[in-house]
Structure formats: C-alpha cells, structure tokens
Amino acid sequence: MISVLGGTINAIIDSAFVSRRLDSDALAAVGLTMPIFLVLCTVGCLFANGGSVASSLALGKNIKDDAGQYYHTSFLLMVVCSIVFVILGVFCSSFIASILCNDPILFPMVEEYGRIILIGSAPFILIYLPNFYLQLDGKAKDLSIMMGVVIATDIIFDYLLLFVFDMGVKGAAFASVISMLIATIYGFIRLQMGKGNFKLNLKQLKVVNLKEIALLGSPSAIGNLFDVIRLAVLNWILYMAGGASAVAVWTVLNSLLELSLCITSGVSRTASPLLGIYLGGRDNEGVRMIVDIELRTGLVLSAIYGVVLVLLHGPIEAFFKLDQNLLLPLICLGISVMFELICSILGSYFNVAKNILVSDMIMFLRTLLFPLLFAFIFYVVKVNIWLFLPCGMAAVVITSLLLIKAVALRTRGKSHELSSVLLLDGYIEKTNRVKGLSVVASDEAICKASEDITEFCISNKMEIKTAKKIGLALEEVLTVMARKSLKSETDTVDVRVFSMDGVFGICIICPGVQYDLFQEAEDSDDDFHMGVQMINKLAEACIYIYTMGMNVLSVVF
C-alpha cells in the first residue's frame, strides 16, 4: 500500500516544505503544477499497469515467456516516452506553464518548477515498472524499501536545497527528481537480483502486443489523464470561488487526497496481480474472496484515515501555515475517501477482468464527470464548495452499481449468466466441473483432500484406476510441498481441480519458500519424489511458476 505513493509523494513532501519555508503563493504554484506529475503518472501507469496485468494473466495461464515479454515491451515504451518529455521540458516549458497558470505572480514559479520536473521525467515514469513488477515477483519487501527511499531522500534533499541552500521552488523540484532517480535505480537492481521472472534482457527489448498492454493499462492511465483535466478545471473553479487562498487550501486537501491513495489505490493495486492469477484460472470463489478482503480491509482503513484527519485539523492548519479553518473541508475529504475506495476496487477489478468498457466508465465518472459537475453546481448556487468531494464520490458509487446491474440483467436466462456485482460467469461451477479446496498442511487433511479429488475425477467420468493413481500421487505432491515450502502445519495449500471437454487439470498454490517440485523430481531418484514422478508420466503437461511469493504448480491430463 505504501508503494502507491511513489508517483505523487514528492509533490506532497514538496508542498509541506514549501509551505514552511516560503509562502502561500509558492504553495499555490506547486499545486498548479500537479497536472504535470499526473501526466507523468499517466504514462507510467499506462505501460507498467498494462504490462503487469498482462503478465499476471499470462502467469495465471502458465505462459512464463509471454509474461517476461510484456515487461520488456513496457520498459522500452517508457524509455521512449521519457525522451519525449525531456524535449518538451527543454523547449515548451513556458507554453505549458501558461496553460496551467495566468497569474503573473505565480507564473515564474510554475514555469521553473515544471521545467525541472519535465527534464527529469524519466524516473517519474520508470519507477512504475519496479513498482508493479516487484510485487508480481513476490518481492514486496523490496517494494516497500524502494518507496521508503523515495520518502527519506526527498525529505533530506528538500531540507538541504530549501533551508540550507535557499533555492526556492527550484530546490523542491530538484529534490523530487533526485529522490525518484535513486529509488528507481534501487527498484531495477532488486528486480535483476535473486530468483525472479522479470530481468532486463537487451535481446527482448522490442514492441510486442502493444495493443493489449495499452488496453489493460488504459483505465489507470485514463484515470490519471482525467485527473489532469479535473485539477486544471477545479483550480479554475476554486480560484473563482475564493481566490489564491482557496487554491492553497485545495493544494493541502489534494496532498492529503494523494496520501489516501495508499488506501484507496493501494488495496486494489495489491489485489490486481492476485486477481489476474485467479481470473486466468477461472477461479470465481478465489476472486470473490479477494474482493471481499479488499472491501473489508479498505473500508476500515478509510474510516480510520478520515477520523484522523478530522482530529488533526488544527495541527494540519498550523503545519501548512493556513489562516482558513480546515475542519469542514477535512470532514468532506474523509467521507469521500470511503466512496473513493469502493470506486477504485470496482474499477481495478473490471480492468483485470478485461471488462474495459465498464472500468473506463467508472473511471470517467469518478475522476472527471461528477467531481466537476458538483463543484460547478455548488459554486453557482453558493453552497459550501467543499461538499463536492463526498457528494461527487457518492454519486459515482450509485451510478456504477446501477450500470453493472444493467449489464448483469442482460445475461439473465442464458447458460453463461453473469453475477450481479462482479459479472462472473458461473457456468463451470453450476455444472459441477470444478472443485476448490484449501488444505491445512497436516497428514490427515492432505489424505482427505486426496480422497475428495479422486471422487471428483470419478464423478466426471475419469477411469477409476487413473483417478486413484492421480489421488495417490497428489497426496505425495501435497506432502512434499508442505514439508519444503510451508513453515508450519497451520499454513494452507490451495488446490483446484477442473474437468472440461475431456481435459482434467489440477492447480496447486503453495505460499512460502520457492521450490520447483517438478525439476527436483526429475533430478532425483529417491522415494521421496515417487508420487511426483508418477504424475510426470501420467500428465500431458506439468508447469511450475513462482509468483507473488507463491509456488504455482499446474498439471493437465
């Protein structure tokens, strides 16, 4: 969750240091340049999110080579885009600043800050690749360290360049670029080290499946693009409503809103690769479980965040040196975060499920239409302008659920009927062609699971002799994995077996230490791996992948 702050934490830290060292005009100038950060985030998310979702779906289908190629294509495209932004920073910074700001006092600061960020755009874009792929590679600890590096180094350089060397907003911009560069280098080094599926190889730097990457990355990228438009229009509406002081308040609120992304986007982004693996394996029960955990965890954290904001409204005012009372704006912000979480979970889920139209529609409602509509209405009718935050997000949730329900209703009465909220196709469950088990790593539980799967195979017209062989072999496989990977008998292994069109498949997901059971059995002649060797002889394909810190074994008969 902390890693989500990677693209915007610099602007938050810069706002805090600028407000302490300079004045409200400088704070407003940093707020006016936020669209530049969001454009860079848009490009980074487009290719990194699109590539990582495509890679997770490929891993879910056990196609490891394709997963690696998506990574290389995304890297190459991000490098090209970085070069384009450097050129824009050198030659077009004044023009870009004139679009963002028409105040003669603020313009020089906006231009100076924006030019440095654009010229140093490469790490702001490229950091998203390790941001997404470290998680997919099961290196969550390295991901958290990378984001810790961003925060720590930005604070250090902001202090040095603003307070020691007195470089003004230019110093804040340089601090952001330097901190992002250090963290990005660290992220790529950690991807290259140790065992992993994603290591840069110059021979694979080519553009492949660009359309699929762009399609899967579009909801996240479009969301950031809409954020650019939203910020520009909201800055104008708020400037009309309350002048530079209102824009300064919005800069603080927007910084706190960006901080809440570690909850609203962090929860859904953490779940995305997991959802990709389960959706790739058509495991509806697993998908529902993950979404349920997202909602319960996220809503609790969102509520806590909102309460903390309200309780700390006084210190926040003092920290940013604002004369305005922030109590009502912070209450509105806190309520909106809970609705924002629901929107984020739904949008991210439908993106991974490749229901791009629904995902993009939710993103449009959430980041552009309703926030601007309610802000403009409240400005015209002279209602407290900050009410647009909770009202806009509540409207998005209601409209999105109605939209999803309408899609589900169109499938009623058909063989592939979709569920009401997640639009899942329950055909294989209804026809009893799939069975899922979560097996505790004890001998008794493993033996019972083996019997259940044997009965499932027989009920789906597999030869009794073959079914019993598979059951016995599977019992040994689970025993070996439990001993080699799991830390205790209280840990569990997920087992899923399916039967479709004469094909029987078993998928075993075992968290813990990386252990390629099939390779070990191939290189061994002891009795410990006899069951695995039996499966190798019976099966048409045996595939092993290590992802998200989990051993994934797939066998097809």
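This is a predicted model: local features need pLDDT of at least 70, side-chain atom pairs count only at pLDDT 80 or more; totals for chains, interfaces and linings use all residues.

Visitor: How many disulfides does the structure hold?
Guide: The count is 0. Take Cys-262 as another case: its nearest cysteine sulfur is in Cys-41, 15 Å away.

Visitor: Are Cys-262 and Cys-507 buried, partly exposed or exposed?
Guide: Go by relative accessible area: under 20% is buried, over 50% is exposed, and partly exposed lies in between. Cys-262 has 18%, so it counts as buried. Cys-507 has 24%, which means it is partly exposed.

Visitor: Which residue is the bridge partner of Cys-507 in E5?
Guide: Ser-554 is. Bridges are how you read strand pairing, and here E3 and E5 run antiparallel with 7 bridges joining them.

Visitor: What is the strand order in the sheet?
Guide: Walk across the sheet from one side to the other and note each strand as you pass. You get E1-E2-E3-E5-E4, an open sheet of 5 strands with antiparallel pairing. The strands at the edges, E1 (434-440) and E4 (541-547), each pair on one side only. On average, neighbouring strands in this sheet are turned by 15° against each other, ignoring direction.

Visitor: How many bridges join E4 to E5?
Guide: There are 7, and E4 and E5 (residues 550-556) run antiparallel. To follow the pairing by eye, find Cys-542 opposite Val-555, then Tyr-546 opposite Asn-551.

Visitor: Is E5 enclosed or open to the outside?
Guide: Count its buried residues. In E5 that is 6 of the 7, so the strand is largely enclosed by the rest of the structure.

Visitor: Which helices lie across the sheet strands?
Guide: Check contacts for the strands a helix covers, then the angle for its direction. Helix H19 (residues 443-459) lies across E1, E2 and E3, and it runs at about 170° to E1. Helix H20 (residues 464-484) lies across E2, E3 and E5, at about 15° to E3.

Visitor: What is the reach of H20 from its first C-alpha to its last?
Guide: Compare the end-to-end span with what the residue count predicts. H20 has 21 residues and spans 30 Å, close to the 30 Å expected at 1.5 Å a residue. Its buried residues include Ala-467, Ile-470, Leu-474, Val-477 and Met-481.

Visitor: Is Arg-366 buried or exposed?
Guide: Don't guess from the residue type; look at the accessible area. For Arg-366 the relative value is 8%, so this arginine is buried. You'll find Arg-366 in helix H16 (residues 356-380). Beyond residues up to four places away in sequence, Arg-366 touches several others, among them Arg-230, Ser-265, Glu-340 and Ser-344.

Visitor: Which side chain makes a polar contact with the side chain of Ser-344?
Guide: Ser-268 does, at 3.0 Å. Ser-268 lies in helix H12 (residues 261-280), and its side chain also has a polar atom 3.0 Å from the backbone oxygen of Ser-265. With 4% relative accessibility, Ser-268 counts as buried. Leaving out neighbours within four places in sequence, the contacts of Ser-268 are Glu-294, Ser-344, Ile-345 and Ser-348.

Visitor: Where is Lys-382, and what is its phi?
Guide: Start with the general idea: most residues other than glycine have a negative phi. Lys-382 has a positive phi, near 65°, and is found in the loop between H16 and helix H17 (388-409). Its relative accessible area is 69%, so Lys-382 is exposed.

Visitor: What about the phi of Leu-423?
Guide: Leu-423 has a positive phi of about 55°, and sits in the loop between H17 and helix H18 (427-430). Its relative accessibility is 11%, so Leu-423 counts as buried.

Technical notes. Residues are numbered from 1 along each chain as its sequence is written. Side-chain values use heavy atoms; hydrogens and water are left out. Two strands pair if DSSP finds at least two bridges between them. Helices (H or I, at least four residues) and strands (E, at least two) are DSSP runs, numbered from the N terminus. Axes are lines fitted to C-alpha atoms, for helices over the stretch in contact, and angles run from 0 to 180 degrees between N-to-C directions. Contact means heavy atoms within 4.5 Å. The expected span of a helix is 1.5 Å times one less than its number of residues. Buried means under 20% relative accessible area, exposed over 50%, partly exposed in between (1.4 Å probe, protein chains only). A disulfide is a pair of cysteine sulfur atoms within 2.5 Å. A polar contact is a pair of N or O atoms within 3.5 Å; within protein, one must be able to donate a hydrogen and the other to accept it, and residues adjacent in sequence count only if both atoms are side-chain atoms.
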